[in-house]
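New notebook page. I'll jot down what I look up as I go.

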Amino acid sequence: MRKALSWLGFTFGLPVILIFLWWLATTISPSFFFPPPGEILVTFFETWFGPRLWLDVLPSILRFGIGVIIAMVLGVVIGVIVGLNRDLRALTEPTFEFFRALPAPVLIPPLLLLIGPNDAMKIFIIVLAAIWPVLLNTVEGVRAADSVQNETSRSYGIHGFSRVRYQVLPGAAPQIMAGIRQCLPIGLILMVISEMFNTTAGLGFAIIQFQRTFAIPEMWSGILVLGLLGYGVAVVFRFFERRVLRWYHGLKDLENAS
Amino acid sequence: MTAPTGQTLTTTVAVARARSRRRSYRPRRAILGATGILIFLLLWEGASRFGLADPRYLPPPTEVIPRLFQVLAIGDFWVAVGQTIGAWALGLAIALILAVILGVVIGLSPFLRRFTNSTVEFLRPVPSVALIPLAVLLFGLRIEASLLLIVYAAFWQIFIQVLYGVADVDTVAMATGRSYGFSKWQRIRDIVFPTALPYLMTGLRLAAAVALILAITAQLIIGTPGLGAEILKAQNGGQYATMYALMLATGFLGILINMGARILERATLSWHQSVRGEATA
């Protein structure tokens, strides 16, 4: 009981204080730009739990999901192929490094011209931005494979697909997960801003539209939606990572304990 | 680092052999890398020449690269580069100072760490681009609009790493410091700071890349002056070769920032095992 109470206090203490301070500040000196928290909450439900959920929120999430899944799959597949071959690695490294360093949002104007402002372009830009952390981390993870494991595989005659499946991928998994962790926020950024150019739907479009029409509480509620979405993605990732890397965390705990 | 126990002559020989193999591979690696870039440029040229993509919208590199050199000679281009780097550097510096101070204060107190945990975990994944409308409302086209986005994005990257770093401090070292009569400030400077520095540098490297993305994004979407705004201007004016030339320039800026971050990391951590170990083994 005491434990539960203290958990409750620690979890909700600061958020409650912060929201109270916000409320206090907006009550003492009302500001057009900063509506009180109660108003934002009411607007949040009014704005997003209606047709907007189907028109703006879900299509955005769908595009984000499709984009990052394609980026992860392509990133791991290409990463394994490139990582296993030293010459291929040397061939692709400078080019890949350039694309990793290129801030992905600058790709939006040319892709708008080449593909047009449709779903394919928005998904493509998410893939193009999110693939690099996964790809380069996979290459690095595969390259740094334990040499004893490599030789064991060779002497046991484990080749080709089964070597990738049972030795290379598990060995590189912690690094691949680190890449996936980096790719999710980038995908989210590109999801939002790809909807800010020449479009009429989507979360990014909606919050910009609210700002342009000075619908301030709606704008704040949109920021809240994006915040919740980011938080949701982080929670899903953590669950996913724990499952995939359960053996790895267990191993680490053992090593730390010894 | 001295040879760890259990290291035999065979491993020493194997390490030396691997190192010489790496060295003899170096020229081949450079040639292959250059070939890779060439192949990419040829594919681009081909896509544009043989109508895979609309050549109006995808001018070939033989047109874009000369344009890049023309752009480099224009004063306005360097003004835009300066504005981009200025916003990037200022935003990163503000984020760094805030993150280090808050990270050390919160990291050193178990109470504060627990107390702020839920808030940090909620605010951290909020995509900073969600703040674009707010930035426009509050600051319009001024540089503060870019700064709000850059600081928000860069802050969390560094802050989280500082928290990890402070949590990693050896309790025995801290207790030793206390029994030797170190003051609180001395303990922070001589025990906490060196332990947290590698983490801080990792955070700074990640934050530097994210800050550039946000600086360019702000310029593209809000229109704060800089390279992003120039790209949009070139696109609106139908000067597509210039647009691609400016994109190449932002890519090179990104590479410079990545390289700078890596050099800084090596220089500040030259004493640390992770860097020394790489150099010797």
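Predicted model: local features only at pLDDT ≥ 70, side-chain atom pairs only at ≥ 80, totals over all residues.

How many residues of chain B are in contact with chain A, and with how many residues there? I looked it up: 46 residues of chain B are in contact with 44 residues of chain A.

Next I checked which helices of chain B take part. H10(B) gives the most, with 8 residues. I also sorted that side of chain B by class and got 30 nonpolar, 13 polar and 3 charged residues.

Then I went for the core. The largest nonpolar core has 127 residues. Those with the most contacts inside it are A:Ile126, B:Leu149, B:Ile150, B:Ala154, B:Ile158 and B:Ala211. The largest share of this core, 19 residues, comes from H8 of chain B, residues 184-221.

Leaving out residues up to four places away in sequence, A:Ile126 touches A:Arg63, A:Phe64, A:Gly67, A:Val68, A:Ala71, A:Gly187, A:Leu190 and A:Met191.

Last entry: how do H6(B) and H8(B) pack, and at what angle? H6 of chain B covers residues 143-167, and the angle to H8(B) is about 160°, with the axes 7 Å apart. An angle over 145 degrees counts as roughly antiparallel, so that is what I wrote down for H6(B) and H8(B). H6(B) passes H8(B) in a right-handed crossing. The residues of this contact divide into 22 nonpolar, 9 polar and no charged.

Definitions and conventions:
Residues numbered from 1 in each chain as written. Chains lettered and ligands numbered in written order. Core = buried A, V, L, I, M, F, W, Y, C linked by C-beta atoms within 7 Å. Buried ≥ 20, exposed ≤ 12 C-beta atoms within 10 Å, placed from the backbone. Helix = DSSP H or I, 4+ residues; strand = E, 2+ residues; numbered from the N terminus. Contact = placed C-beta atoms within 7 Å. Axes fitted to C-alpha atoms, helices over the stretch in contact; angles between N-to-C directions. Parallel < 35°, antiparallel > 145°, perpendicular 65-115°, else oblique. Left-handed = near helix turned anticlockwise from the far one by under 90°. Nonpolar A, V, L, I, M, F, W, Y, C, P; charged D, E, K, R; others polar.
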